[in-house]
There are 2 protein chains.
Amino acid sequence: MNNDDFQSWAHRGQMRVESMLDRLLPESSVLPSRLHDAMRYSVLGGGKRVRPLLALAAGELAGADSDRVMPAACSVELIHAYSLVHDDLPAMDDDVLRRGRPTCHVEYDEATALLVGDSLQSLAFEILASSPCKKRVEMIRLLAQASGSRGMAGGQAIDLESVGKNLELPELEAMHVRKTGALIRASVLLGAYCGETSEAELGALDHFAKMIGLAFQVIDDVLDAESSTATLGKTAGKDKKDNKPTYVSLLGPAASRKMAQDLFESALSALEGFGNKAQRLLGMADFVVQRQF
Amino acid sequence: MNNDDFQSWAHRGQMRVESMLDRLLPESSVLPSRLHDAMRYSVLGGGKRVRPLLALAAGELAGADSDRVMPAACSVELIHAYSLVHDDLPAMDDDVLRRGRPTCHVEYDEATALLVGDSLQSLAFEILASSPCKKRVEMIRLLAQASGSRGMAGGQAIDLESVGKNLELPELEAMHVRKTGALIRASVLLGAYCGETSEAELGALDHFAKMIGLAFQVIDDVLDAESSTATLGKTAGKDKKDNKPTYVSLLGPAASRKMAQDLFESALSALEGFGNKAQRLLGMADFVVQRQF
């Protein structure tokens, strides 16, 4: 795999996502202006766009034209962005820094941040309903399940309950499968749904997505423990300060990195049958595990 | 129109909605338990179910079997329920009483209430994606637009900005068209989409829904000003205390009641061409304007 080539593919994807999100979000001049301004602030101009890139990479594997995947790619990013805005609120993780800038409720106010999150979620489903993919109804159902109380929002609820508790590894995993894993899995599957895949192929992609989702979270924990706030663009060392159970607190940093590597290899093995079509997803797996922020 | 007959129809509808919502909401035993318990607390066992009844009534007008309308009817109620939970939060309207019981964040906590609202919104789209109606993709798009920043959430943003300001009547209307009107309009149109209607008929229903949505809000303002907390099941006199512009503060109670009556008559006139098929929607219009809580 040519890394320069992947970098340039990922960069192009990020630009396209940014530009489409810019078009899809109402202009700040549209009433209510402050809300629309805050929505744009919370979505545009930052972020690694891991989830949209996963959707695009899975779409490429499934032979879907990338134009057809773009609405799905943007919808998962909007769900992700809404979750960050709500998770940062004082009643939740109470964070003031995100992507190197003040969080939405700090820059605007709490009520606006609440409505930003609510509106971004609605917009995600509005956009997915406009997807040209045949399976868009199944895609909407999948995204809704991944976002809701048995998915991402449920994971955040378990996370909040776990503060100060001694979770075992399986419980920690049960939390992350929901909190981060569900939306990463949905990103991969939504991309695949835009093309043609057999049931067996979808099963392999599902396994890939689960492994990558978990690896993503393990690395997140390592980075939170080992990186600086400047590098992360969000408050570092927060898990320890908040007394949150993490892979690092349970396993230590070295065993956590080893675990991420094992998950990475399991993810790669799931892609073996796809040959060269899996090139971008392999690149994404690498990107997720090697990232520094 | 036989009022006893309408009462019994509405009661049956409310029971069916309650029972389907009970089935659709995850059991409290499902992880995360506290979140699922709080979701059930916020949705079940109360409410007039005006929006689902409007969907069922419009479905009846369009010749749709009521079973086919039920998922859409439940989805609008879930959106409504999510908006109440978030609007009651301290950062928004800061209310402690709803449907005669402590609000969600009082009974549970703020973080849980946030996640309850988020999860109910996801669930609404999940359920609508499972609707058997042919036009379900258009229905999802309509519900998403009605809920988002150009609809209900946008109306709440304008409402928060308007506290202490002297709005003129057109500005007050622009707020309510979004805050209450958009979801009431969506409820009627979703029901109609489940059956067969011409473009002209949809136009008439759209006008009906707009008039009823506005009438609903005018009556809400009158009730807030004139009723007791015990009758309303939520804190009465809150608009005045919060220095919020309302129809009552702008027009006085008598002219507000007259306005509601005029809107009611305009709504009825939109249904003239439908003959007996409009029986339930006529009953709903009456229900909205005559209600005491």
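Two residues are in contact if their C-beta atoms, placed from the backbone, lie within 7 Å. Helices (H or I, at least four residues) and strands (E, at least two) are DSSP runs, numbered from the N terminus.

## Model and confidence

This is a predicted model, in which local features need pLDDT of at least 70, side-chain atom pairs count only at pLDDT 80 or more, and totals for chains, interfaces and linings use all residues. Residues are numbered from 1 along each chain as its sequence is written, while chains are lettered from A and ligands numbered from 1 in the order in which they are written.

The average pLDDT (the predictor's confidence in each residue, from 0 to 100) of chain A is 94, and 99% of the residues score at least 70. For the model, ipTM is 0.95 and pTM is 0.96.

## Fold of chain A

Chain A contains 15 helices and two strands. Its radius of gyration (taken over C-alpha atoms) is 18 Å, close to the 19 Å that the globule rule gives for 293 residues, so chain A is as compact as a globular protein of that length. The rule is 2.2 Å times the number of residues to the power 0.38. The C-alpha trace of chain A spans about 50 × 45 × 35 Å along its principal axes.

Of the 293 residues in chain A, 56% are buried. A residue is buried if 20 or more other C-beta atoms lie within 10 Å of its own, exposed if 12 or fewer, and partly exposed in between, with C-beta atoms placed from the backbone. Among contacts in chain A between residues at least 6 apart in sequence, those joining residues at least 24 apart make up 72%.

The contact involves 41 residues from chain A and 41 residues from chain B. On the side of chain A that touches chain B, at least two residues each come from helix 2 (33-43), helix 6 (110-129), helix 7 (136-147) and helix 8 (152-162) of chain A. Helix 6 of chain A gives the most, with 13 residues. This side of chain A divides into 20 nonpolar, 13 polar and eight charged residues; Ala, Val, Leu, Ile, Met, Phe, Trp, Tyr, Cys and Pro count as nonpolar, Asp, Glu, Lys and Arg as charged, and the others, Gly among them, as polar. The copies meet through the same surface, because 100% of the interface residues of chain A are also interface residues in chain B.

## Helix 8

Nine of the 11 residues of helix 8 of chain A are buried, so this helix is largely enclosed by the rest of the structure. The buried residues include A:Met152, A:Gly154, A:Gln156 and A:Asp159. Their cover includes helix 4 (66-87), helix 7 and helix 9 (169-193) of chain A, together with helix 2 (33-43) and helix 6 (110-129) of chain B. After helix 8 of chain A comes A:Gly164, with a positive phi near 80°.

In chain B, the cover of the buried residues of helix 8 includes helix 2 and helix 6 of chain A, as well as helix 4 (66-87), helix 7 (136-147) and helix 9 (169-193) of chain B.

## Nonpolar core

A nonpolar core is a set of buried Ala, Val, Leu, Ile, Met, Phe, Trp, Tyr and Cys residues joined through C-beta atoms within 7 Å. The largest one has 195 residues, and those with the most contacts inside it are A:Leu143, A:Ala215, B:Leu143 and B:Ala215. Not counting residues up to four places away in sequence, B:Ala215 touches B:Ala260, B:Leu263, B:Phe264, B:Ala267, B:Val288 and B:Val289.

## Backbone exceptions

Most residues other than glycine have a negative phi, and most peptide bonds are trans. The bond between A:Leu31 and A:Pro32 is cis, with omega about -5°. A:Pro32 is in the loop between helix 1 (3-24) and helix 2 of chain A. In chain B, the peptide bond from B:Leu31 to B:Pro32 is cis, with omega near -5°.

A:Arg99 has a positive phi near 50° and is in the loop between strand 1 (97-98) and strand 2 (101-102) of chain A. A:Arg99 is partly exposed, with 16 C-beta neighbours inside 10 Å. B:Arg49 has a positive phi of about 60° and is in the loop between helix 2 and helix 3 (50-61) of chain B. B:Arg49 is buried, with 23 other C-beta atoms within 10 Å.
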